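Subject: Structure handover and findings

Hello,

Here is the structure we discussed. Please look it over; my notes follow below it.

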Amino acid sequence: MSMEKISLSENTYNTIVVGGGIAGLTSAAYLSRSGQKVLLIEKNRELGGLVNSFTRDGFHFEAGVRALEDAGIIFPMLKDLGIQLEVVKSPVSVGIENEIINIETIDDIMKYRELLLNFFPESESEIDDVLKVIRKIMKHMEVLYGIENPVFKDLKRDRKFLFSKLLPWLPKFLFTVGKINRMNMPVEDYLKTIVKNPSLRDMISQHFFKNTPAFFALSYFSLYLDYFYPKGGVGKLSEVLKNKILESGGEIKTETKITEVLADECLVLDQNNISYKYNDLIWAADLKTFYRIVKTNGFLSKIKTKIEDTKSTMLKNRGTDSVFSLFLEVDVPIETFRKIAHGHFFYTPSKIGLGETHRGELYGLLNNFEKVNKDDILRWLEKFTALNTYEISIPGLKDPELVPEGKTGMIISLLAEYDLFKEIQKAGWLDEFNSELENRIIEVISGSVYPMLKDNIIGRFSFSPLSIENRVGSSEGAIVGWAFNKTMPVVNKIQISDRSVLTPIPKIYQAGQWAYSPAGVPMSILTGKLAADKVLKKK
Ligand SMILES: Cc1cc2nc3c(=O)[nH]c(=O)nc-3n(C[C@H](O)[C@H](O)[C@H](O)COP(=O)(O)OP(=O)(O)OC[C@H]3O[C@@H](n4cnc5c(N)ncnc54)[C@H](O)[C@@H]3O)c2cc1C
């Protein structure tokens, strides 16, 4: 235990971390391991944020991300912290209408070619062009994730890694980063330069967020091969980090929501007006919320202006699309599902594609919401659910121990627009809309890939974008941070990712999905570690 740790008074900490999602857990684990007096504050009863599992009626479900990608980050982080986590592979299936392929090796990209060709035989050369790009990106990904992320290595001690891995890798990395940056345009626009058929473009890209950078979207074939699943569920990752924090003497306060940050006094206040003093603060939660509640009165006007500028940029920007998730408890044994697809399944019930349904038509409705009636919305919903791509997760197919005897739990989700749910809530029929959406998803999925669903559902519930906003405090219910706009309010270049954790406010750092874009679990972990490093470096 450090001297500093002993001399701090009860409610004073070396570092306070706000937000017990995967980013905050990572920061707190590293800081407490280094001997700091650390307090992690989380508003919910449970930790993990969007990396969280739960059980209902004996069924196991994921509240957020369904499986994890290592991306050269998660395993090195666990190894560095000396944490054991038992994991299994989480293979992916992809399906269109009645054709389903299982992706297990890099060569299965040829199955993907056949799948697309089967539905779009007239577009053979375009499909081959897309595949050429995907293969090229896979090579870039091999470089990017080819070594353990150096952020999680002790370069002073591990000279072997430094000289035999890192230094030879660096020039290749920089070359690859240059190539990646040239593919930063939205995937929809990029595909238009290669593929004429809009339905084909939709089959390849409609399950990505609006304007997802082409490189990020088309790298997904590599990521499919990278997915793994902790035994016992995704939430185990958060659990092992929590245990590490407690073991290292860190404190965790749950059901504690920070409602004010008095930056000039180095204090945070919770919902009961209890104050906690910090030397350094890591904000690992929604950044719009942070800028709304931070008070900077005592600072010099030069600093205040900088903070105001950052605040106004943050508040002008929006989060990515959100997600609607339907949780089903099904009275059918898991073996029946095993015969159809893997436990992580991207399925499109119609080759027609969404076209303008999810964007143009929806914005048309939203822009005129007062004049639109329920039937217009429900007609739109019919198309939206029939033509969409679903992410289907069956935890029991990933870890057989999570299956209730003779039954199956599944999660079916699709990208959803926060504003639609918000408007419908204002109009007073949100519960009815959610239930209509649930019914339609069940109809579409049991009318296509899982016919046994319809008559065997013994329990169901759903999370809408508003539930996500409510649960983790994520602006616009966003699930991976900022929307992909031309101007990003945060760092979006991997070679300068260490700057992503800086804020214009003295002694305050940021981490997590709002600190860097594009984000997800690995980048949230990386920024969590980078923020902890910045704090420790000062000492
Ligand atoms: C359905 C779904 C699928 C996904 N799929 C993938 C995928 O395939 N790959 C991938 O990499 N990522 C995926 N993600 C995204 C990934 O889960 C998130 O980007 C990541 O978990 C974000 O972690 P975080 O710690 O930054 O934020 P969060 O998980 O949002 O954690 C923030 C925490 O802060 C707490 N908090 C907020 N405000 C306060 C406050 N005022 N006081 C105290 N506590 C507060 C919240 O309750 C929360 O626990 C998916 C997410 C979802 C929902």
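Does Ile 334 count as buried or exposed, going by its C-beta neighbours inside 10 Å? Ile 334 counts as buried, because 22 C-beta neighbours fall inside that distance. Please keep in mind throughout that the model is predicted.

Ile 334 and its contacts

Ile 334 belongs to helix H14, which covers residues 334-338. Leaving aside residues up to four places away in sequence, Ile 334 touches Gly 396, Leu 397, Val 403 and Thr 408. Met 185 is 149 residues from Ile 334 in sequence, and the two C-alpha atoms are 41 Å apart.

Domains

The protein divides into domain 1 (3-86 + 234-316 + 484-538), domain 2 (87-229) and domain 3 (321-475). Taken over C-alpha atoms, the centres of domain 1 and domain 3 are separated by 30 Å. Their contact draws 17 residues from domain 1 and 17 residues from domain 3. On the domain 1 side, strand S4 (59-62) and helix H12 (287-293) each supply at least two residues. S4 gives the largest share of that side, with 4 residues. By class, the side of domain 1 that touches domain 3 consists of 5 nonpolar, 6 polar and 6 charged residues.

Helices H2 and H21

Two packed helices are described by the angle between their axes and the distance between the axes. For helix H2 (residues 22-33) and helix H21 (residues 521-538), the axes come within 8 Å and cross at roughly 35°. This crossing of H2 and H21 is right-handed. From H2, the residues in the contact are Ile 22, Ala 23, Gly 24, Thr 26, Ser 27, Tyr 30 and Leu 31. In H21 they meet Val 521, Ser 524, Ile 525, Thr 527, Gly 528, Lys 529, Ala 531, Ala 532 and Val 535. Sorted by class, the residues of the H2 contact with H21 are 9 nonpolar, 6 polar and 1 charged.

In the loop between strand S20 (508-510) and H21 lies Pro 518. Pro 518 is joined to Ser 517 by a cis peptide bond, with omega about -5°.

Helix H11 (residues 235-247) has 13 residues and should span 18 Å at 1.5 Å a residue; its end C-alpha atoms are 18 Å apart, so the two values agree. The buried residues in H11 are Gly 235, Leu 237, Ser 238, Glu 239, Leu 241, Lys 242, Lys 244 and Ile 245. They pack against H2, strand S2 (38-41), strand S3 (53-56), strand S5 (68-69), strand S9 (227-230) and strand S10 (251-253).

Helix H16 (residues 374-387) has 14 residues, and from its first C-alpha to its last it reaches 20 Å, close to the 20 Å expected at 1.5 Å a residue. Its buried residues are Ile 377, Phe 384, Thr 385 and Leu 387. These pack against helix H15 (357-367) and helix H19 (430-446).

Backbone angles to check

Most residues other than glycine have a negative phi, and most peptide bonds are trans. Glu 97 is not a glycine, yet its phi is positive, at about 45°. Glu 97 sits in the loop between strand S7 (92-96) and strand S8 (99-103). Since 15 other C-beta atoms lie within 10 Å, Glu 97 is partly exposed.

Cys 266, also a residue other than glycine, has a positive phi near 55°. Cys 266 is placed in the loop between strand S11 (258-262) and strand S12 (267-270). Cys 266 counts as partly exposed because it has 19 C-beta neighbours inside 10 Å, and the cut-off for buried is 20 or more.

Asn 181

Asn 181 is found in helix H6 (residues 159-181). With 14 C-beta neighbours inside 10 Å, Asn 181 counts as partly exposed. Asn 181 and Leu 415 are 234 residues apart in sequence, and their C-alpha atoms are 26 Å apart in space.

Regards

Note on methods
Residues are numbered from 1 along each chain as its sequence is written. This is a predicted model: local features need pLDDT of at least 70, side-chain atom pairs count only at pLDDT 80 or more; totals for chains, interfaces and linings use all residues. Axes are lines fitted to C-alpha atoms, for helices over the stretch in contact, and angles run from 0 to 180 degrees between N-to-C directions. A crossing is left-handed if the near helix is turned anticlockwise from the far one by less than a right angle, and right-handed if clockwise. Two residues are in contact if their C-beta atoms, placed from the backbone, lie within 7 Å. Ala, Val, Leu, Ile, Met, Phe, Trp, Tyr, Cys and Pro count as nonpolar, Asp, Glu, Lys and Arg as charged, and the others, Gly among them, as polar. The expected span of a helix is 1.5 Å times one less than its number of residues. A residue is buried if 20 or more other C-beta atoms lie within 10 Å of its own, exposed if 12 or fewer, and partly exposed in between; C-beta atoms are placed from the backbone. Domain bounds come from an automatic or database domain assignment.
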